[in-house]
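This briefing concerns covalent cross-links and aromatic contacts. Please consult the sequence and the model shown below while reading.

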Amino acid sequence: DAGVIQSPRHEVTEMGQEVTLRCKPISGHNSLFWYRQTMMRGLELLIYFNNNVPIDDSGMPEDRFSAKMPNASFSTLKIQPSEPRDSAVYFCASRSRLTGTNNEQFFGPGTRLTVL
Amino acid sequence: GENVGLHLPTLSVQEGDNSIINCAYSNSASDYFIWYKQESGKGPQFIIDIRSNMDKRQGQRVTVLLNKTVKHLSLQIAATQPGDSAVYFCAPQRYRDDKIIFGKGTRLHILP
């Protein structure tokens with residue numbers, strides 16, 4: 001398995017532009033997580049899905065952020081409009097959610113976003 | 001400009017020595033505890049976990065010790081190598097939990 005795939009790996013955009021980050025989870029995993037990592041706040045959970053359904057979006061900073069999971073093999077995180085303070089590394093992780101097992105999440109390589 | 005951010009506890013260890021990374025927790029109802037490692041430029045990677053009914057668990061070059069009395073656990077890395085240089089996170093978990101709350105972590109720095 002190729003692991004969790006994220007694209008693009010790097011994104012540089014200007015303030016006000018729309019940004020779409022993409023994630024392909026590991027095949028067979030039924031939970032998907034979006035995180036943001038910055039020097040100031042560390043690694044923060046933004047939103048997660050179980051079986052393609054958003055379960056907890058309390059970490060989404062504001063309405064400019066939205067996430068979708070139209071099917072089990074694809075998710076997007078969209079920022080519209082983007083702002084310089086959105087600059088961060090965005091990670092996607094997936095997990096096979098089985099009762100009684102540990103919470104091992106598999107992380108993608110991340111997307112480094114720079115908003116100028 | 002000056003790099004202002006989270007102040008990560010840093011442990012500097014000579015290559016070849018053993019490393020001990022400590023972690024304190026507050027939720028005594030935790031079912032298990034997990035350790036993740038994040039190397040520079042990569043996403044976090046699961047290392048090992050330990051159930052709350054255990055005191056010790058060993059993996060490859062790593063040992064986790066759990067002391068529930070004082071709500072403390074440690075990750076011991078034997079014969080530390082340059083590839084062990086990373087930020088290490090511990091997190092208490094309940095079986096029903098979906099989320100992992102990553103704290104600020106501990107940076108392990110390997111001295112040549």
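The points below treat the disulfides and then the aromatic pairs.

This is a predicted model, in which local features need pLDDT of at least 70, side-chain atom pairs count only at pLDDT 80 or more, and totals for chains, interfaces and linings use all residues. Residues are numbered from 1 along each chain as its sequence is written, chains are lettered from A and ligands numbered from 1 in the order in which they are written, and side-chain values use heavy atoms, with hydrogens and water left out. Over all chains, the structure holds two disulfides (pairs of cysteine sulfur atoms within 2.5 Å). A search of the whole structure also finds 12 aromatic pairs (rings of Phe, Tyr and Trp, the last by its six-membered ring, with centres within 6.5 Å; planes under 30 degrees apart count as stacked, over 60 as edge-to-face and the rest as tilted).

**Disulfide in chain A**
- Cys23(A) and Cys92(A) are joined by a disulfide with their sulfur atoms 1.9 Å apart.
- Cys23(A) belongs to strand β3 (residues 19-24) and Cys92(A) to strand β9 (residues 88-95) of chain A, so the pair ties together parts that are 69 residues apart in sequence; strands (E, at least two residues) are DSSP runs numbered from the N terminus.
- The link of Cys23(A) and Cys92(A) is left-handed, with -70° about the S-S bond.
- Cys23(A) and Cys92(A) are both buried (under 20% relative accessible area, with a 1.4 Å probe and protein chains only).

**Disulfide in chain B**
- In chain B, the disulfide of Cys23(B) and Cys90(B) places the sulfur atoms 1.5 Å apart.
- Because Cys23(B) lies in strand β2 (residues 19-24) and Cys90(B) in strand β8 (residues 86-93) of chain B, the pair ties together parts that are 67 residues apart in sequence.
- Both Cys23(B) and Cys90(B) are buried.

**Aromatic pairs and cluster**
- The ring centres of Tyr35(A) and Phe107(A) are 5.1 Å apart and the planes stand at 40°, so this pair is tilted.
- Tyr35(A) is in strand β4 (residues 31-38) and Phe107(A) in strand β10 (residues 106-107) of chain A, so the pair ties together parts that are 72 residues apart in sequence.
- Both Tyr35(A) and Phe107(A) are buried.
- Tyr25(B) and Phe33(B) form a tilted pair, at 4.5 Å centre to centre and 55° between the planes.
- Tyr25(B) is buried at a relative accessible area of 10%, and Phe33(B) is buried at 2%.
- One aromatic cluster includes Tyr35(A), Phe107(A), Tyr36(B) and Phe102(B) among its members.

Definitions and conventions: Helix = DSSP H or I, 4+ residues; strand = E, 2+ residues; numbered from the N terminus. Buried < 20%, exposed > 50% of the residue type's maximum accessible area, 1.4 Å probe, protein only.
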